[in-house]
Amino acid sequence: MQEKVAACSWSSGKDSCLSLYKAQQAGYEIKYIFNFISQEYKRVSFHGAKSELVKLQAEALGIPLMQRQTTQTNYEEIFTKTLQELKDKGINKIVRGDIHLIDLKDWVANICSKNGMDVVSPIWDKPTKEILNDFIEAGFKAIITSTQADKLGQDWLGRYVDKKFIDDLLKLPSVDLCGENGEYHTFVFDGPIFRQRIELSNVEKIKRDNYWFLELKKFKLAPKEGK
């Protein structure tokens with residue numbers, strides 16, 4: 001079993017994407033990305049990305065996708081089954097985009113340990129501003145797709161993760177710079193490890209409970225800019 005072979009837990013957003021990139025830079029071969037969507041809505045929970053959008057990301061990355069549906073009651077069961085599937089494929093490491101939520105990190109580590117899996121966390125405990133700068137300077141492109149309405153209003157939807165975004169967030173002391181408390185979520189549509197970019201069009205802003213979502217209605221793979 002190769003020590004540098006892994007699968008990446010994929011949320012569709014910036015943190016998992018940057019972690020995959022950094023793991024590759026550290027010499028890991030990412031054989032699969034695995035992703036969980038709501039059985040009811042067929043979307044990534046909280047991020048709001050449709051299952052089809054995640055499939056496009058996998059195609060653009062050129063990495064096979066393992067996508068599984070979950071409910072509020074069977075997430076741990078499906079997570080464990082997915083780990084067992086990966087183990088059967090000769091993979092004993094997963095890459096995660098955890099930053100500083102220790103309870104979540106410990107929960108994942110505990111399940112992985114029980115199933116003979118190790119966790120690789122390339123951005124764990126890194127300064128949040130450094131993480132965002134690394135993401136931007138590497139050339140990744142991401143859009144804000146959901147926000148907590150009482151923290152960030154609908155005007156933040158559709159914004160790109162760029163230097164101006166960082167500057168504006170720094171003016172709001174109650175918001176974690178990387179959105180670790182769920183203040184916002186992102187969708188990555190291009191970057192240095194993408195073979196194609198995802199072209200997004202026809203968007204709509206929708207409010208559900210205390211969250212704003214950017215509904216991405218039309219999307220397709222397109223050639224990288226400048227090619």
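Student: How many aromatic pairs does the structure hold?

Tutor: There are 13 aromatic pairs. Rings of Phe, Tyr and Trp (its six-membered ring) pair if their centres lie within 6.5 Å; planes under 30 degrees apart are stacked, over 60 edge-to-face, and the rest tilted. Bear in mind that this is a predicted model, where local features need pLDDT of at least 70 and side-chain atom pairs count only at pLDDT 80 or more, while totals for chains, interfaces and linings use all residues. Residues are numbered from 1 along each chain as its sequence is written, and side-chain values use heavy atoms, with hydrogens and water left out.

Student: Why is the pair of Tyr21 and Phe140 edge-to-face?

Tutor: The planes of Tyr21 and Phe140 stand at 85 degrees, with ring centres 5.2 Å apart, so the pair is edge-to-face. Tyr21 lies in helix H1 (residues 14–25) and Phe140 in the loop between helix H5 (128–137) and strand E6 (141–148), so the pair ties together parts 119 residues apart in sequence. Helices (H or I, at least four residues) and strands (E, at least two) are DSSP runs, numbered from the N terminus.

Student: Is Phe140 buried or exposed?

Tutor: Buried means under 20% relative accessible area, exposed over 50%, and partly exposed in between (1.4 Å probe, protein chains only). Phe140 has 2%, so Phe140 is buried; Tyr21, at 17%, also counts as buried.

Student: Which residues do ring pairs link into a cluster?

Tutor: That cluster joins Phe34, Phe36, Tyr75, Phe79 and Trp107.
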